[in-house]
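Hello,

Here is the model I promised to pass on. Please have a look at it first, and then read my notes below.

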Amino acid sequence: MKKITIELKQKKYPVYLGYPVSRIGKLFDRHSCGKRILVITDENVSRLYSETICKSLAHCGKRVKLAVIKPGEQSKTIRTAYNLIKECSLSGMDRSDTIVALGGGVVCDLAGFVASIYLRGIGLVSIPTSLLAQVDASVGGKTAVNLPWGKNLIGSFYQPCFVVMDFSTLDTLPAREIAQGMAEVIKCAVIRSRKLFNLLCDVHPSEIEKHISTIVHECIMIKKSVVEADEQEKKGIREILNFGHTIGHAIEINSRNLNHGECVSLGMIAETFLSMTRGYCSETLFKNVKELVKKFSLPSKTNVNAKKVADALVYDKKTKMGRIRFVLPLRIGSVKTGVEISPEEVISTWEKWQ
Ligand SMILES: NC(=O)c1ccc[n+]([C@@H]2O[C@H](COP(=O)([O-])OP(=O)(O)OC[C@H]3O[C@@H](n4cnc5c(N)ncnc54)[C@H](O)[C@@H]3O)[C@@H](O)[C@H]2O)c1
Ligand SMILES: [Zn+2]
């Protein structure tokens, strides 16, 4: 087991890596988390892990309740949040009690949001079970629900008491979900870590499991350094995490069958190509990023229409006064932020990077 401490101005909390969920109760004894616990999870994860976790918590004297939501993005709504808040209230939970987020990024975002607003904030413990949630969603304190016309439009910054990752939970994760998590891993490597990039280049995809603890550790160290320097995304430092996401989100809005990680992969290739055409990075970097994406079974081509992508870019919530700002790679581990690129330039290069 390894421990990484996230040190923010208001709060300091540990992330336990490689800790078995069957012994989770012990960690609750170590941190004061109140008597009552509401475990929020989705149907898929509940089937696999809720019994073990609830047992361990009950064994340590906790009064545990389980709230199971439908899996997937459609549950990340204000309505589901309201139902969960009702559950907390009817169970008589008070500020000393704790919500456990057990699941992927959807559960982490939703349960985190509920914990942040119920009674103006109660305890939160995150147990991310998807690769994407382990390397990204569970650290950094962003919580959210969606509105019908846009993703993550309601939310808060709210830090957990602690985060626990059991890598064996990834054994049950479908291959496509592993690949989507790998997209965020590739992003971390490109923006901040040659060491991670080299590891990804060297490892065979079928052997990724052996290296998962090193990979997750490296990604969390990167996220830690970024969020510690810019907790609430006010200094422009946290912006680097958006590499691949500007175009990625625009593709996501226009695509029904691609998941977030797949769109981010396409976004990373397109944005590296833009960087190359601007003369900021080499052709080798573009080829390397594209090869790595393909290696981890992520898409490198799309039939999403360039004009539609350009239109979506203009409406992105991160677009400031009609200007689209990009994070472009210079070389592995280094990026240039705040690069303004017009929708026309994106359209004119669209076919060329594919
Ligand atoms: N807060 C942040 O900083 C942040 C960062 C990145 C992404 N996100 C959010 O995360 C969400 C995406 O996260 P996700 O990809 O984990 O989606 P998800 O939570 O929908 O999980 C993906 C699928 O995997 C299943 N699953 C999860 N763990 C499993 C396991 N161990 N075994 C078997 N099945 C399992 C889930 O039931 C679901 O069907 C998006 O809503 C996104 O906005 C938030
Ligand atoms: Zn992402």
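Two residues are counted as in contact if their C-beta atoms, placed from the backbone, lie within 7 Å. Helices (H or I, at least four residues) and strands (E, at least two) are DSSP runs, numbered from the N terminus. This is a predicted model, in which local features need pLDDT of at least 70 and side-chain atom pairs count only at pLDDT 80 or more, while totals for chains, interfaces and linings use all residues. Residues are numbered from 1 along each chain as its sequence is written, and chains are lettered from A and ligands numbered from 1 in the order in which they are written.

Let me start with helix H7 (residues 194-202). Its buried residues (20 or more other C-beta atoms within 10 Å of their own, against 12 or fewer for exposed and in between for partly exposed, with C-beta atoms placed from the backbone) are Leu 196, Phe 197 and Leu 200. Seen down the axis of H7, these fall within an arc of 100°, so they line one face of the helix; the arc is that of the directions from the helix axis to the C-beta atoms. Asn 198 and Asp 202 are exposed on the other side of H7. The cover over the buried residues of H7 includes H6, helix H8 (212-229) and helix H11 (283-295).

Now the overall layout. The protein splits into domain 1 (2-172) and domain 2 (175-349), with bounds from an automatic or database domain assignment. Their centres, taken over C-alpha atoms, are 27 Å apart. Across the boundary, 22 residues of domain 1 are in contact with 22 residues of domain 2. On the domain 1 side, H5 gives the largest share, five residues.

Finally, two backbone angles to check. Arg 120 has a phi near 65°, a positive value in a residue other than glycine; Arg 120 sits in the loop between H4 and strand E6 (123-128). Asn 152, in strand E8, has a positive phi too, near 55°.

Best wishes
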